[in-house]
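Please look over the sequence and the fold below before reading on.

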Amino acid sequence: MKLLITGLNGFVAGSIVAQARKNWVVAGMDLAETPGMPQDVASHQLDLLDEQKLTDCFMQIKPDAVIHTAAIANIDVCENNPEMAWKVNVGITRTLATLCAQTGAKMILCSTDSIFDGTKGYYTEIDAPTPLNHYARTKVEAEKIVLGASDRNVVARLSLVMGLAVMGKGNSFLADMIEKLKKGDVVKFPSNEIRTPVDVVTLGAALTELAGNSFSGIIHLAGNTLINRYEMAIQIARILRLNEALIEATDSNAMPGRAPRPNDASLVNKLAAEVLTTPLRSLEEGVRLTMNFTI
Ligand SMILES: NC(=O)c1ccc[n+]([C@@H]2O[C@H](COP(=O)([O-])OP(=O)(O)OC[C@H]3O[C@@H](n4cnc5c(N)ncnc54)[C@H](OP(=O)(O)O)[C@@H]3O)[C@@H](O)[C@H]2O)c1
């Protein structure tokens, strides 16, 4: 069975690759070459915005399943470049969903907890999206496209992803935080943002499982610990024996020039706990797992 992963160089994709290659023939696509990619993973460099190149490459690979991680995932970049964000997050998703529907491949879209406005918190799969920023609006549209293209498809809404990059480059706040605390620098985390962080290793396993099982529809992939991002940083520092006195609380919505963020975007992971064999983990279990995980 062949698995295609888009956004191969990304933080989440690295963990999927590391785990999926045990049971799948893995191919990936990204803009640039992926350093350190195992030889058994077919890595294709292309701009997914090029519809013809994407179609040709997809048809050459003929995947049985696709995990679509490629996106502009930075909230402020999306807010400041709305047309490009729409093209990448919505346009590429539409092309891929069409190709998957034509060939019978199952598609898993990586969506986000940010599609909720954060006024309620502890959101389930039946709560309606209430996007606050442009990034969230692109993801809501992408979700509709993927669910409308085939009744086999999956929308996986990811909570805040925590951990060290397994391979490739990783947009990882944890790596940044560890480096700064070790140097004696102050780090700031928003205490207004309540999340249910999921470690990147568990997430990679869960997404791989969804590619191969019969689940379809919306699923929330989140950890078992509900916590604000400041307290999360404090707890991680304690687990890793780093200097927690260097961690300061901020309010992300009081910073001028930034796109609005949901305050409480915590997700209920009950459905995932029922349908997946991959165990969902607490913050502490997740930190320990990601610190010790090697490919
Ligand atoms: N990380 C989180 O906490 C989090 C939480 C919720 C949801 N998500 C979602 O999960 C997915 C993966 O997140 P991530 O943190 O792994 O993101 P990431 O590290 O930014 O990875 C995304 C990858 O997609 C690539 N890409 C972007 N545009 C492309 C294009 N036109 N053609 C080919 N490749 C392109 C990027 O390449 P460049 O870097 O070279 O542009 C990057 O390697 C995203 O869809 C994100 O929205 C992430």
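Helices (H or I, at least four residues) and strands (E, at least two) are taken here as DSSP runs, numbered from the N terminus. Residues are numbered from 1 along each chain as its sequence is written. The model is a predicted one, in which local features need pLDDT of at least 70 and side-chain atom pairs count only at pLDDT 80 or more, whereas totals for chains, interfaces and linings use all residues.

Threonine 69 lies in the loop between E4 and helix H3 (75-80). This threonine 69 counts as buried because 26 other C-beta atoms lie within 10 Å, the cut-offs being 20 or more for buried, 12 or fewer for exposed and anything in between for partly exposed, with C-beta atoms placed from the backbone. Leaving aside residues up to four places away in sequence, threonine 69 touches Ile5, Thr6, Gly7, Gly10, Val12, Ala13 and Cys110, where contact requires C-beta atoms, placed from the backbone, within 7 Å. Serine 111 is 42 residues from threonine 69 in sequence, yet their C-alpha atoms are 8.5 Å apart in space.

Around the ligand there are 23 residues, of which Gly7, Gly10, Val12, Ala71 and Val161 are the closest; a residue belongs here if its C-beta atom, placed from the backbone, lies within 6 Å of the molecule. Helix H1 (11-20) and strand E5 (106-112) each supply at least two residues of this shell, and the largest share, three residues, comes from H1.

H1 itself is mostly covered, with ten of its ten residues buried, and its buried residues pack against strands including E1 (2-6), E2 (25-30) and E4 (65-68), as well as against helix H7 (200-212).

Notes. Contact = placed C-beta atoms within 7 Å.
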